[in-house]
Amino acid sequence: MLHGWGDSGQPATISLRVGDVLIRNVTTDIRRYFGDDSNGEMIKDGNSIFVFEVAGLCIGHLGHLHHKLDESHFAAIGRLDIVMVPIDGSYTMSLDGVSDITRRLRASVVLPMHRFATPLDDFMRRIGQDFAIDLRTARTLQISRDSLPRAPTVIILDGV
């Protein structure tokens, strides 16, 4: 198990090779929750974006992202082929904010996650002008470097 936060107030620093997979992280801040209050104070480096490099692909998981990314975050993340994006619109960040980040990352494949009650149409309406939308009936996805779509595409798996 990899924690996205460090011990003793230090940022998590992960650069780990497991077989042919390189796993690294980029820390972001996280909002501390107080009961129903989602406007709690920010904890510096309390969350991580995980990046997995395997089989010629670079896959990013944005985690529990609570704020817009700055230039240093984008530089540390680098080019992503696939990005998993939280689209709950409340517990993480607004749909407008996460849509802006998704457009900036410009990955070949966007996989929405953390949807909860957010209507998919809300996310697709914000992002669909810049990305193709591919609704799937499968709950899993098999993809390789050679099968990446030519145009940036949001793939929505069954159950999302």
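Predicted model: local features only at pLDDT ≥ 70, side-chain atom pairs only at ≥ 80, totals over all residues.

Me: Let us start with helix packing. At what angle do helix H2 and helix H3 pack, and how far apart are their axes?

Reply: Helix H2 covers residues 95-105 and helix H3 covers residues 120-127; they pack at about 45 degrees, with axes 10 Å apart. The pair is therefore classed as oblique, that is, H2 is oblique to H3. The crossing of H2 and H3 is right-handed.

Me: Which residues make the contact of H2 with H3?

Reply: From H2, the contact uses Leu95, Asp96, Val98, Ser99, Thr102 and Arg103. H3 contributes Asp122, Phe123, Arg126 and Ile127. By type, the residues in the contact of H2 with H3 are 4 nonpolar, 2 polar and 4 charged.

Me: Next, the cores. Which residues touch the most other members of the largest nonpolar core?

Reply: In soluble globular proteins, nonpolar side chains tend to be buried together. Here the largest nonpolar core has 27 residues, and those touching the most other members are Leu62, Leu80, Val83, Ile101, Leu105 and Phe123. Two or more residues of this core come from each of strand E3 (42-54), helix H1 (71-77), strand E5 (82-86), H2, H3 and strand E8 (153-156). There is also a second, separate core of 8 residues, including Ile82, Leu111, Leu148 and Ile155.

Me: What is Phe123 in contact with, leaving aside neighbours within four places in sequence?

Reply: With those neighbours left aside, Phe123 contacts Ile87, Leu95, Val98, Ser99, Val110, Pro112 and Val154.

Me: Now a loop residue. Is Ser108 buried or exposed?

Reply: Ser108 sits in the loop between H2 and strand E6 (109-113). Its relative accessibility is 11%, and the cut-off for buried is under 20%, so Ser108 counts as buried. Not counting residues up to four places away in sequence, Ser108 touches Arg79, Leu80, Asp81, Leu148, Pro149, Ala151, Pro152 and Thr153.

Me: How should I compare separation along the chain with separation in space?

Reply: Take two pairs. Ala76 and Thr27 are 49 residues apart along the chain, and their C-alpha atoms are separated by 9.5 Å. Arg145 and Ile101 are 44 residues apart in sequence and 23 Å apart in space, C-alpha to C-alpha.

Me: Last, backbone angles. What is the phi of Ala55, and what is the phi of Arg106?

Reply: Most residues other than glycine have a negative phi, and most peptide bonds are trans. Ala55 is not a glycine, yet has a positive phi of about 50 degrees. Ala55 is in the loop between E3 and strand E4 (57-61) and, at 62% relative accessibility, counts as exposed. Arg106 also has a positive phi of about 50 degrees without being a glycine. Arg106 follows H2, in the loop between H2 and E6, and at 40% relative accessibility counts as partly exposed.

Key
Residues numbered from 1 in each chain as written. Heavy atoms only, no water. Axes fitted to C-alpha atoms, helices over the stretch in contact; angles between N-to-C directions. Helix = DSSP H or I, 4+ residues; strand = E, 2+ residues; numbered from the N terminus. Parallel < 35°, antiparallel > 145°, perpendicular 65-115°, else oblique. Left-handed = near helix turned anticlockwise from the far one by under 90°. Contact = heavy atoms within 4.5 Å. Nonpolar A, V, L, I, M, F, W, Y, C, P; charged D, E, K, R; others polar. Core = buried A, V, L, I, M, F, W, Y, C linked by side-chain atoms within 4.5 Å. Buried < 20%, exposed > 50% of the residue type's maximum accessible area, 1.4 Å probe, protein only.
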